[in-house]
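Me: I'm new to reading protein structures. Can you walk me through one, feature by feature?

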Amino acid sequence: MIAPPTGPAGRLAQRVSLILALLFGVVGGGAAAQDGPRPDLRRSLSEIAAELPLRQADFAGLSALRDRAEALAAESREVQARDAAALERARTARLDAGRIEPPPERDAAIRAADDALRSAEERVQADKALAADLDGLGNRITEARRRLFAARLFARGASPLSFGFWSELVDRALPQVAGKLSDLGTAMAAGQEGDDAAEIAIGAAVVLTGLLLLYAAIRKARRYTLDRWQRFAARTSISPRRRAAVHALLDMTLTVCSFPLAVVLLLVLNDDIDFTPGSLDSIIFRVLAAVAGALLGAGILRAMVAPRDPAHRLLAVSDGTALIVARTGHALILVYAADLVFAEFAVAAHFRIVISQAATMAMIALCCALLGLALLRLSRDEAPAESDAMPAARSAASLTILTPVVWAGLAVSFAAMLAGYTALGGFLIGRLIVTGLLLALGWVVLICVDALFVTRADIETSPRLLRLSRALAVPPDTLALGSAVVSGVLNVLAVTAMIFVVIGPWNLAYGELNPFRDAFLGTHPGDVRTLVGAAGFAALTAIVGVALTRAATGWLDRRVLPQTRLDAGARYSVITVVGYGGLVLTLLLALGQLGVNPQSLTVIAGALSVGVGFGLQSIVSNFVSGLIVLAERPIRVGDLVTVKGEEGRVKKISVRSTLLATGDRTDLIVPNTDIITSIVRNKTLTDVSQRLRLPVVLAQDTDLALARDILVAVAARHPNVAADPAPVLLLTKLGESLEVEARVFVHDVSQSDVTRSELNHLLLEFFRRAGIKLGGTA
């Protein structure tokens, strides 16, 4: 550490520098207090808060207020970080001021430092108050959007069963359609600011022509790309499974990519686009969105069921089922998209609300009829025969659990429509269609990721993968392990994205399409906890934690660990430790939702120490012993062990006991304490081979050389006897008879008893042929 200057010049320089720093700090702090952004932030906050009551019935206005509040919060965080740094500098200056000499100058510096510190603390407190107000404003905006959504969703209108609905539709609404359309045309012509009808028609023709040419070009490019891929796959001997997966990805991607290109074309051709509801641009954009939905649905359905090409089908269904799914899906998408476009057009034309309600009712009825008829036809369709015609397909048995959910959704939607809750019925139908498409998209992505995943066997049998491994200087095991990890990460990302998108507000009539940002309309985990209660949220946390733990252990067991050089016992230990670790973490999180502090568990453990000392000692001892067994691995799953005279093969190791499978097909439960504290004979820990002893009593005049030759010949004929070490015949005792012992090594110790019996039979047969007599019983 450098010593502070002690001379007069040094002390003078120190005092001058500190006083200047304090003065600049005070002046800078005062200037920041006067000219800083806080007054602007507070004024902007007041403006948003004052405007919020005026936007209670406007989704677009509430979304704009939310965006402004979020930008304000980001600026507030920057100011708060800057003021926090200034506070730290002020505290450091206050400590330095206390070291100034002589005392009169020190007192002046301390007073200046105290003023600067007090000002910095006030600014930090003001920043915290502003951040709290911004959070409160954001919650108010979210609550307003949620109330508006619920109000419109559960608003009750006329029922199609009532006479008044049909009377208003036929007598009032429909006769006004021609006049409304004429007014719409007049308004659009007047809104062109002098542009004549010819220019409008030319512009529309250019946009339409451009879109048609774009669609034709992409369609041709899709066919060309898929044809080239099939040729390349056939030439390079790519497996049919991977060939189908890549074909599905290419087909789906090239089918959907026309929509963003069309939007770009629209933006380029029209610089003054207005997306307000009812505008011409909004109608055009809604039409483009409907076309995009149709293309997306077509691509997903074609990739999943491929009705005309079973070789590229990703769902193991029959041709009839594939055709039903494809046709029904296309029809549902078109009907739902047409309703959304008509709803936007009805707003622009100022149709009576009863017309939009009638269109939504027709959409609900038609979608319910299509889905119900498809489900009935699918229930009568035959299951697909097992064949190699669908190499990449997965079984559709797990999807049958969704059938009751679909039936329930159809029933609730149709009943809501009949009761007058048309918006609710349309929302449910839309969620069914969109959720079905997203599930299909997730299915396609997961299957394709799984098909592209390579194992160690794939790398060893593929010259291209071997060359890739050598080029990257990565061993095949490491390359396979990396492929498994990447596959798992992609699966997690795909599932997470699907979950977030599914829970988003997909009904475009009530909110903007931003599912990652508007999930549950801005509902946070704290809101869900308030809704279901602490106990319900804790139970939900436990269920999710257990499900994630089981998914993680299953992924490790099936995908990652088989690509490593770990044996079966080591893999089981890893899976067990990860499983128990996940359960412990889940328990801590669930208890935390109930308000239990993890640190307080130490107090509970101390209170239970007395009980552990008496009644729970053996359980805790077995638990600790189980952890030691899993960590040190003196025994592994699959080992043949002997514990306290009981022999069996290790079947399962848990934290309390170990399960042994004995030779007579019974299970033996051994406490882990016995494995740690007693002598355990592990016959397969380091070597699966074992010496086998065969005692034999021969007559006194037996030719031992001949007997040894017979033993070698018999041992050489048995497949379970090892050639190295070589079989030997030992003379163990002399007397009225000769006691000898044949010793051989067997490959599989679990077949020792069978091998001993077979060798004894063979020795007896060959001894009798050679005239060797057996002596008395040993």
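Reply: Start with leucine 627, which sits in helix H21. Keep in mind that this is a predicted model.

Me: Is leucine 627 buried, exposed or something in between?

Reply: Look at its relative accessible area. Buried means under 20%, and exposed means over 50%. Leucine 627 has 42%, so it is partly exposed.

Me: Which residues form a nonpolar patch on the surface?

Reply: The patch is made of Val620, Phe623, Val624, Leu627, Ile628 and Ile676. Together they have about 440 Å² of accessible area.

Me: Which helix gives the most to the nonpolar patch?

Reply: Helix H21, residues 617-632, does, with five residues.

Me: Now charges. How do I read a salt bridge?

Reply: Side chains of opposite charge can pair when their charged atoms come close. Here, the cut-off is a nitrogen of Lys or Arg within 4 Å of a carboxyl oxygen of Asp or Glu.

Me: How many salt bridges does the structure hold?

Reply: There are 20 salt bridges. Take arginine 118 and aspartate 115 as one case: their closest N and O atoms are 3.0 Å apart.

Me: Why are arginine 118 and aspartate 115 separated by about one helical turn?

Reply: Because they are three residues apart in helix H4, which covers residues 103-153. Arginine 118 is partly exposed at 44%, and aspartate 115 is partly exposed at 42%.

Me: Is aspartate 251 buried or exposed?

Reply: Aspartate 251 is buried, with a relative accessible area of 4%.

Me: What about arginine 636 and aspartate 639: are they buried or exposed?

Reply: Both arginine 636 and aspartate 639 are buried. They form a salt bridge, with the closest N and O atoms 3.2 Å apart.

Me: Which residues are linked in a network of salt bridges?

Reply: Glu51, Arg55 and Arg68 are. Find these three in the view and trace the links between them.

Notes: Residues are numbered from 1 along each chain as its sequence is written. This is a predicted model: local features need pLDDT of at least 70, side-chain atom pairs count only at pLDDT 80 or more; totals for chains, interfaces and linings use all residues. Side-chain values use heavy atoms; hydrogens and water are left out. Patches are made of residues with over 30% relative accessible area and no salt bridge: like charges are joined within 9 Å, nonpolar side chains (Val, Leu, Ile, Met, Phe, Trp, Tyr) within 5 Å. Accessible areas come from the Shrake-Rupley method with a 1.4 Å probe; for residues, only the protein chains shown count as cover. A salt bridge is a side-chain nitrogen of Lys or Arg within 4 Å of a carboxyl oxygen of Asp or Glu. Helices (H or I, at least four residues) and strands (E, at least two) are DSSP runs, numbered from the N terminus. Buried means under 20% relative accessible area, exposed over 50%, partly exposed in between (1.4 Å probe, protein chains only).
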